[in-house]
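Subject: Two-chain model for you to look at

Hi,

Here is the structure I said I would pass on. Please open it first, then read my notes below.

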Amino acid sequence: MIKIKLHKALHAAQGEMLLDLNLEIEQGTLVAIYGPSGAGKTSTLKILSGLLQPDSGMLSVNDNLWFDTKQKINLKPQQRNVGYLFQDYALFPNMTVLQNLAFALSKKQDRSILQELIEMMELGELQNRKPATLSGGQKQRVALARALVQRPQILLLDEPLSALDRKIRSKLQNYILSIHRKYNLTTILISHDIGEIHKLADKVIILENGQVAQEGTPTDIFINQKISGKFKFTGEVLNIEQEEVVYIVTVLIQNQIVKVIAQSTEIEGLKIGDQVMVASKAFNPIIYKID
Amino acid sequence: MNWEPLILTFKLALVTTTILLVLSIPLAYWLAYTKSRLKPVVETLVSMPLVLPPTVLGFYFLIAFSPNNAFGNWLNEWLGIKLVFSFVGLVIVSIIYSLPFMVHPIQSGLSSIPLSLKEAAYVMGKSRYSTLVNVLLPNIKPSILTGIVLAFAHTVGEFGVVLMIGGNIPGQTKVASIAIYDEVESLNYAAANFYSAVLFVTSFCILLLVYLINGGHLKRFWK
């Protein structure tokens, strides 16, 4: 269980902002933090890892105090044993993939974990290459493996997949899920992708202006809002085109492309890339068994 | 031909550059990452030799180190060190004179490294020292090389400051730049030409090597 009660004045682009966090995170859950940029998402991860010092409050992990202004406790990042995946991957350019992983070993640690992670992340062929020669998805896998070398209890992922294309993203989501389960981690993930949050997270925290605006399961927060329809999916708008008097909206739902007819009033304010929900109440879908 | 002034010049430059490298890494590290209010003051002090005439620096050193004054006298009596008109004095003044040429490249190299590299190493449990040696310095090799070469070359090219504090003692303080001046004064152009040509060619070669290495032109030979 992670108990967070922290305050920190941040100097954001829009001016002063008070980051005010009051959260409890169960051991073994995967929590997504969602919110507009500048809401304090990355700062939250930096505070948890000890890279940024809060002004006041307390932070405890499994009943160990990591930070407490009253008792003047503040563990250094070196003492917290947190796995952190940076937005820019932060791979060391002077080291090969294997050296990057080996650098994360603690002094007396058994090297066998390196081989285990290399196999799991399928890095075997890349291990003697320098980061500069890797693709985005490959760098991401190396960074993820490196964050796990020290066997952390907590894994922090700062928008790990935003720079990758859809296919690689989906593959990496599976990696994240499998390591989360295998090592029984408590994972905190920053994501802008509602589909991704649905797939990965047990719980979503919506941050707005440094405050927790909403908390709950992804379904509660993103779907059970107003419509009580029985047939509904979330997806992303890929295209909007006009055909005679109506509009045809192409929506990507999971890996399926769906075309939906919409009126001009419905597409108002809708643009390509928006997250939408496709729902219907007035008809019964028919279920076939596929041979 | 008398090689002594040339050997002395390169000895001075070598000693100065080595000490400067050791001093500049912690100083540049502090300047690159500190949030202290003292930073602009320290930065100004480090950069002063860039704008001051070398004679100003030399003059104040001459005053400070002179055995006729309290500080120089104390050094002389208690430590037996005479800094005026001696090689040790030249080394000290050269370190200060060439300080910005070593500190600035290393500082800008460190500042250009993404902060996340340092943070990643900390989160892995690595100390500041281990992070500096294993992560930061290996990734700013071109900056360190630039610093070494600029400091070395600048020390070789010193004139005013040496003239003020070193004088013209053969084997002690008579470096090549002084020797050239000296030979021209006595209309001995052949000797002046010899020293000048050696300095010219060496400087050209050193700088060329730096541009070749930092530009990646030599990579194909050792890959």
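Predicted model: local features only at pLDDT ≥ 70, side-chain atom pairs only at ≥ 80, totals over all residues.

Interface

Chain A brings 20 residues into contact with 18 residues of chain B. Together the chains bury about 1,600 Å². Carbon and sulfur atoms give 64% of that area. On the chain A side, look at Gln78(A), Phe92(A) and Phe103(A). These supply 35% of what chain A buries against chain B, more than any other three residues.

For polar terms, the count is 8 residue pairs in polar contact across the interface, both partners at pLDDT 80 or more. The interface has 1 salt bridge. Lys46(A) pairs with Glu119(B) in a salt bridge, with the closest N and O atoms 3.1 Å apart.

Which elements of chain A give two or more residues to the side that touches chain B? They are helix H1 (41-49), helix H2 (77-80) and strand S7 (82-85). By class, that side of chain A has 13 nonpolar, 4 polar and 3 charged residues.

Cavity

The whole structure holds 1 cavity of 30 Å³ or more. S7 and helix H5 (136-148) of chain A and helix H6 (115-123) of chain B each supply at least two lining residues. The lining splits into 8 nonpolar, 2 polar and 1 charged.

The largest pocket has a volume of about 770 Å³. It is lined by 21 residues. Closest to its centre are Leu51(A), Lys35(B), Lys118(B), Tyr122(B) and Arg128(B). The classes are 9 nonpolar, 6 polar and 6 charged.

The second largest pocket comes to about 660 Å³. Its lining has 22 residues. Lys130(A), Pro138(B), Lys141(B), Pro142(B) and Lys219(B) lie nearest the centre. Helix H8 (141-156) and helix H11 (189-214) of chain B each supply at least two residues of this lining. Here the classes are 12 nonpolar, 6 polar and 4 charged.

Best wishes

Technical notes. Residues numbered from 1 in each chain as written. Chains lettered and ligands numbered in written order. Heavy atoms only, no water. Contact = heavy atoms within 4.5 Å. Buried area = accessible area lost by both parts, 1.4 Å probe. Salt bridge = Lys/Arg side-chain N within 4 Å of Asp/Glu carboxyl O. Polar contact = N/O pair within 3.5 Å; in protein donor to acceptor, adjacent residues only side chain to side chain. Helix = DSSP H or I, 4+ residues; strand = E, 2+ residues; numbered from the N terminus. Nonpolar A, V, L, I, M, F, W, Y, C, P; charged D, E, K, R; others polar. 1 Å grid on protein atoms, 1.4 Å probe; cavity = no way out; pocket = protein on both sides within 12 Å on 5 of 7 lines; lining within 4 Å. Points joined across faces, edges and corners; volume = space filled by probe spheres on them.
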